[in-house]
Amino acid sequence: MTEEFKHGEEALPCFSCGTCTAGCAVREVHPGFDPRKIIRQVLLGRIDDGLLKETVWLCADCHTCSERCPQGVPVNEIIMALRHLAVKRGIVPAAYKGQMDTIHKSGHIYEVADFNKKRAKTGLPELRDDGAPYEKIYSSLGLDRVLKQEEEK
Amino acid sequence: MKAALFLGCSAPVRAQNYEASFRLVADALGIELVDILEFGCCGYPAASIDDLAAAVLAARNLALAEAQDLDLITLCSACLGSLASARERILKDDELKAAVDRELDKIDLKFEGKTQVIHAARVLYETVGAENIKRAVKRPLEGLKVAVHYGCHYLKPGDVVGHTDNPEAPVSLDEMVRATGAETLEYAGRLGCCGGGILGVSEETALNVTQKRLQSAFNARADCMVTVCPFCSVMLEGNQKKIEKQSESKFNLPVLYLPQLIGLSLGLDPDALGFKLNRVKAKKILAEYSPDSSR
């Protein structure tokens, strides 16, 4: 197990039955995505570039695997922890980066005030964008730096 | 019941029909909603980036509701999952709680965990109840066949958000839809994921997941699908044309938000329930069941 990845122990009870894979909505349409194999890679310490750059980001986060695992392995949470490891290595898919940047600026993943006209037509109250608290949170947590870093070679 | 309405990001922008219909139905059924203008993102996107960041973004909203002594109702299932999971994690982990407290202190907020997080549909089910919805129905939707789409975060993790529903055999949405007089269908994709979680990463894969759900509801001869999450609806309805093209199929399947369906059965005005904003027009349903249609 790589030293960097602290969630390997949670995968130890896995006996590779494949219940996670059998119930996976992404796997159903994308044979290259296989949660059982991801857990295997974690157990064998084979957390490679392909896993961090591509595979872990294909999970739709539906929680079915974690819910059904007969051994109580938090498959979904392990995949999330792998994403966090990827982020530490500078790997952040553009979609996530975009959303996180807009939250930084406005507090939401969309600039909601842009939609006030349409909302008024639907009879809905006005909304406000306010990035000020997020500016503080991002700088305090170093999130602005994380989102700006280059991918490690 | 009085609670804060947490809009999140997607509902107030992309699902105004959901927001409008929930406000109306809540009012009709005796739930008082309070708007808190300072609410921001639930923290869901940050859950893939960093644990502490996700916890702080969620806790900021919980603290805002807590300051007014209110529980918090979410429209979006991902908001529910994000806020409720963060709340659990923070309250179980002293170290995380201390870190979150430090960050919130910098923006003059305090989180103690008093605020409970509950989904809009679950409020209708647990606070109002299917029986009371049934009693309030003025225009029974008899003969309407509905494919209920539960989605993921409304049910899972079961121990955090599931409440009385078993994630593998939920009944809450079916019971409420049946309370309107409509029929609910058993169909293969009933508990499936909409694919929305990966739309931004791999659109083709995401739409292939959605296509399975639409096909399954279509095969069951549904008149419409019913959802309780803006993102499920973006996938099933907003992307339906694109999916039809990609898979060379034709669904033309209306996708309604649960409060739109309930509102219709309560005899509320379809325009006020936001039916004009539905991308796949529910023409046949409105012709049959709207208050001014003749029967």
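Biologist: Which way do the residues of β7(B) point, and are they buried or exposed?
Modeller: In this predicted model, Cys224(B) and Val226(B) point to one side of β7(B), while Met225(B) and Thr227(B) point to the other. All of these residues are buried.

Biologist: Which residue is the bridge partner of Cys224(B)?
Modeller: Cys224(B) in β7(B) has Val146(B) as its bridge partner. Next along, Met225(B) of β7(B) stands opposite Ala147(B).

Biologist: How many bridges join β5 to β7 in chain B?
Modeller: Three bridges join strand β5, residues 145–148 of chain B, to strand β7, residues 224–227 of chain B. The two strands run parallel.

Biologist: And how do β7(B) and β8(B) pair, parallel or antiparallel?
Modeller: β7(B) pairs with β8(B) in the parallel sense, over three bridges. Within that pairing, Thr227(B) has Tyr257(B) in β8(B) as its bridge partner.

Biologist: What is the strand order of the sheet in chain B?
Modeller: The sheet is an open one of four strands, ordered β6-β5-β7-β8 in chain B, and the pairing is parallel.

Biologist: Which strands are at the edges?
Modeller: The edge strands are β6, residues 183–184, and β8, residues 255–257, both of chain B. Each of them pairs on one side only.

Biologist: Which strands does helix α9 of chain B touch?
Modeller: Helix α9, residues 172–179 of chain B, packs on the sheet and touches β5, β6 and β7 of chain B. The direction of α9 makes about 160° with that of β5(B).

Biologist: Changing topic to helix packing: at what angle do α4 and α5 of chain B pack?
Modeller: Helix α4, residues 77–92 of chain B, packs against α5(B) at an angle of about 110°, and their axes are 5 Å apart. α4(B) is therefore roughly perpendicular to α5(B).

Biologist: Which residues make that contact between α4(B) and α5(B)?
Modeller: From α4(B) come Arg89(B), Ile90(B) and Leu91(B), and from α5(B) come Leu96(B), Lys97(B) and Val100(B). By class, the contact of α4(B) with α5(B) has four nonpolar residues, no polar ones and two charged ones.

Biologist: What about α3(B) and α4(B): how far apart are their axes?
Modeller: The axes of α3(B) and α4(B) are 9 Å apart, and the helices pack at an angle of about 100°. This angle makes α3(B) roughly perpendicular to α4(B).

Biologist: Which residues meet there, between α3(B) and α4(B)?
Modeller: α3(B) contributes Ala54(B), Ala55(B), Ala58(B), Ala59(B), Asn61(B) and Leu62(B). They meet Ser82(B), Leu83(B), Ala86(B), Arg87(B), Arg89(B) and Ile90(B) of α4(B). The contact of α3(B) with α4(B) divides into eight nonpolar, two polar and two charged residues.

Biologist: Now the two chains together. How many residues does each give to the contact?
Modeller: Chain B gives 42 residues to the contact and chain A gives 44 residues.

Biologist: Which helices of chain B supply residues to the side that touches chain A?
Modeller: α1 (10–14), α2 (16–28), α3 (51–67), α5 (94–106) and α10 (203–219) of chain B each supply at least two residues. The largest share comes from α3(B), with five residues.

Biologist: How does that side of chain B divide by class?
Modeller: The side of chain B that touches chain A has 21 nonpolar residues, 12 polar ones and nine charged ones.

Biologist: How many helices and strands are there in chain A?
Modeller: Chain A has 10 helices and zero strands. Its radius of gyration is 19 Å, well over the 15 Å that the globule rule gives for 153 residues, so chain A is more spread out than a compact globule. The C-alpha trace of chain A spans about 55 × 35 × 25 Å along its principal axes.

Biologist: And in chain B, how many helices and strands?
Modeller: Chain B has 14 helices and eight strands. Its radius of gyration of 19 Å agrees with the value near 19 Å for a compact globule of 295 residues. Its C-alpha trace spans about 60 × 40 × 30 Å along the principal axes.

Biologist: What percentage of residues is buried in chain A, and what percentage in chain B?
Modeller: Buried residues make up 34% of the 153 residues in chain A. In chain B, they make up 59% of the 295 residues.

Terms used:
Residues numbered from 1 in each chain as written. Chains lettered and ligands numbered in written order. Predicted model: local features only at pLDDT ≥ 70, side-chain atom pairs only at ≥ 80, totals over all residues. Pairing = 2+ DSSP bridges. Contact = placed C-beta atoms within 7 Å. Axes fitted to C-alpha atoms, helices over the stretch in contact; angles between N-to-C directions. Nonpolar A, V, L, I, M, F, W, Y, C, P; charged D, E, K, R; others polar. Rg over C-alpha atoms; globule rule 2.2 N^0.38 Å. Buried ≥ 20, exposed ≤ 12 C-beta atoms within 10 Å, placed from the backbone. Parallel < 35°, antiparallel > 145°, perpendicular 65-115°, else oblique.
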